[in-house]
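Here is a short report for a reader meeting this protein for the first time. Take a look at the model, then read on.

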Amino acid sequence: MAHHEPRSGENTALSTGDTAALSTGDKAALSTGDKAALSTGDKAALTTGADFWRTVALPDHDIASIMLTDGPHGLRKQSEGGDALGLGDSVPATCFPPAVGLGSSWNVDLIHTVGTALGAEARAEKVAVLLGPGVNIRRSPLCGRNFEYYSEDPYLAGMLGAAWVRGVQSCGVGTSLKHFAANNQETDRMRIDVQVDERTLREIYFPAFERIVTTAAPTTVMCSYNTLRGTKVSENRWLLTDVLRGEWGFDGLVVSDWGAVDDRVRALAAGVDLTMPAAGGNEKIVAAVESGDLDAAALDDAVDRLLTLIDRTTVAASEPATYDADAHHELAAVAATESAVLLKNEGMLPLDVADLDSIAVIGEFARTPRFQGWGSSQVVPTRVDSALDAIAALTGAPARFAPGFRLDGAPDSALVDEAVALAESSDAVVLFLGLPGEFESEGFDRTDIDIPANQLALLAAVTAAHPRVAVVLSNGAVVATADWQDDVQAILEGWLLGQAGGSAIADLLFGFANPSGRLTETVPLRLADTPSHLNFPGSDGVVVYGERIHVGYRYHDTMGTPVAYPFGFGLSYTTFEYDDLVLTPNGTGLDVAFTVTNTGDRAGAEVPQVYVRDIESSVDRPVHELKGFTKVHLAPGASERVTIALDDRAFAFWSVREHRWVVEAGDFEIRVGASSRDHRLTATFTSPGDGIPPTLTGMSSLAEWFAHPVGGPLLMEAMAGAGGDVGNLDPAVMKMIAAAPLAKLTAFSPGMSADLVTNLVDRVRAQSS
């Protein structure tokens, strides 16, 4: 198969024409006269669906109906007359790699191109809004829907999701950023109360959504099912209005996840503009407006946003359009090729195509590929490539194959014996293992991260019979490898690679393509090593995010725990070197420049990653955090100068006390390398900080007062006036009282009064403003 490189420059902003069509500032609200013509009942009707997938039409007012449909890695438009969900009964469409695979490409240009293809297919089917991307954080490897999410890291998820949104919307098709927010498990997902502190929300679970909203302007955001800190998300005004609209400037439409709204009046008041699917209760909205229990402006705003969405997507949903299914299949193959991650290779790969007659292909997944997850994103593909057929196509002869195991998990000694016999008569073995579809799906979570026992038994038998075994994995989330990885010579993590994944795997195994995928999630040695282990999936209707900000590699790398494979890791058939690191301040941030060289004899792609370590912070922080990356394609011997710009948020933490992002003055270590644990270059950057002194109150500690540029001198002056001599205090006494709040000093120092403390606070605020 002839693969092509993704086009460059496709992660850039929309063209002027696209921006005009899709900008969140382009209001298409009804004119005053039209609004007057709509009754309150008409308006209420517009805020819910007409059926499972379509909005309400009001022909007398020239308001058209539009269609929203899944999904994030392929169009899932239900066939006319099908059941409500239409799983397995949708129009054929290209199944691209789900986010677990596509995200592993770390290629924003490629993801933009895939988004553009998805937008083209949506236009061809007259779909106005494609329900994606999913950017929830992979808090636990057990989440059944992890295959739809990009990463355990919010920066990476946000960058990749923004590229997808820009791609889809460049075609005039809307998107739906989901599931907002803190929807990180399937267990009890419609009721679970997520107890998570605000700093963790701001640093881990919000940033991907924030980046996409502020840089890619998705036309809609989908609210999740769960409850957040005691308030159902669909009724959470702080989340949907104060943060999403007030802080981030989102002025698109908020749509509910299907069935997420229990009370349409409370949901409208909180900021849900469109309840899906069709729901009753229009009369309750009318009554609430008439009684004053619901502000009429909230209803008007929701109608305006729906009409704006219709205006943005009407052309896409009405004009005739086609797409090239063969070209999209080829693009799916490119995406799959860049998504696979080579975890281990002791010289076995790439295989020699001349030896195909003596290579055994074992494992049912080679013949029956698992290429997508189960649930609402399930696509009916235009066609499917199996690795077995693709390998046979390389020589024009059938591959030497044994299924090895049953997909239902039942042991079958005859299948194992057949596989062992084939392995013993071969020079090398490629063993396809993974998770059957029923192991991971929307609607439920996994209970472990192990490969099924019947497959592990096959693996043990084959590796005992043959020393040269390469394993290809098919799975939608992390599986444990620690117990068997030393028994094989190579491991290719194939994730779920979409309809062209079989051809991509064959090309990678035989060296027609060079692996360039990188892990977007840490592979732990054991499930018990994961930071969320003791708090997943919760109990009694509550889940506590007890690991706080220490999710994924933030925990593993800070604690120094051994892992099977670290975040950002991935091997290649070539080698790369880094040198000449130069840091240049760029205003509020930093430009990180360095050179990457392909030192091997094959063309390949490297993914340089930039991590930032706060050397000394006033709050607990992970040892480092990903703040920049790129993907560089290089010919043998070629070099490229790379510059990655870090903004001020790369150095910031969310201050609970200040209720804002804070950048403290001090030293930060910049770490550049090939994974979170492979740093090739390091340098120190001294930040001047954001220049905003912390807020002082009477309950601020003496240490905080003395360290404050305004409060310190004022306090010294006040204490001297009250007869105190701080300079002569015993250091041990000073250390003892440093943590005491200033207001408490009134109980121990006759010269300090409550009025004096109040006066000090007022003077600090006046001089700091």
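## A strand and its valine

Strands here are DSSP runs of E with at least two residues, numbered from the N terminus. The model is predicted. Strand 19 covers residues 590–598, and valine 592 is found in it.

Is valine 592 buried or exposed? Its relative accessibility is 0%. Buried means under 20%, so valine 592 counts as buried. Leaving aside neighbours within four places in sequence, valine 592 touches residues that include Leu581, Val582 and Leu583. Val610, Val642, Thr643, Ile644 and Leu646 are also among its contacts. Glycine 698 lies 106 residues from valine 592 in sequence. In space, the two are 42 Å apart, C-alpha to C-alpha.

## Nonpolar cores

In soluble globular proteins, nonpolar side chains tend to be buried together. The largest nonpolar core in this model holds 115 residues. Phe180 and Trp258 have the most contacts inside that core. Helix 6, residues 154–169, gives the most to it, with nine residues.

A second core is separate and has 68 residues. Phe147, Leu388, Leu431 and Leu519 are among them.

What does phenylalanine 180 contact, once neighbours within four places in sequence are left aside? The list includes Phe206, Phe209, Val221 and Met222. Cys223, Ser224 and Val233 are on it too. Leu239, Leu240, Leu244 and Trp248 also belong to it.

How many cavities of 30 Å³ or more does a search of the whole structure find? It finds five. The largest cavity has a volume of about 150 Å³. Its lining has 18 residues. Closest to its centre are Pro369, Arg370, Ser474, Gly501 and Ile505.

Three elements each supply at least two residues of this lining: helix 14 (364–367), strand 13 (469–474) and helix 18 (501–509). The lining of the largest cavity divides into eleven nonpolar, five polar and two charged residues.

## An open pocket

The second largest pocket contains about 700 Å³ of space. Its lining is made of 30 residues. Ser618, Phe653, Val662, Glu664 and Pro694 lie nearest its centre.

Strand 25 (653–655), strand 26 (660–662) and helix 20 (702–707) each supply at least two residues of this pocket's lining. By type, the lining of the second largest pocket has 14 nonpolar, eight polar and eight charged residues.

Key: Residues are numbered from 1 along each chain as its sequence is written. This is a predicted model: local features need pLDDT of at least 70, side-chain atom pairs count only at pLDDT 80 or more; totals for chains, interfaces and linings use all residues. Side-chain values use heavy atoms; hydrogens and water are left out. A nonpolar core is a set of buried Ala, Val, Leu, Ile, Met, Phe, Trp, Tyr and Cys residues joined through side-chain atoms within 4.5 Å. Buried means under 20% relative accessible area, exposed over 50%, partly exposed in between (1.4 Å probe, protein chains only). Helices (H or I, at least four residues) and strands (E, at least two) are DSSP runs, numbered from the N terminus. Contact means heavy atoms within 4.5 Å. On a 1 Å grid over the protein atoms alone, a cavity is a set of points where a 1.4 Å probe fits but cannot get out, and a pocket is an open set with protein on both sides within 12 Å along at least five of seven lines; lining residues have an atom within 4 Å of a point. Grid points are joined across faces, edges and corners, and a volume is the space filled by probe spheres set on the points. Ala, Val, Leu, Ile, Met, Phe, Trp, Tyr, Cys and Pro count as nonpolar, Asp, Glu, Lys and Arg as charged, and the others, Gly among them, as polar.
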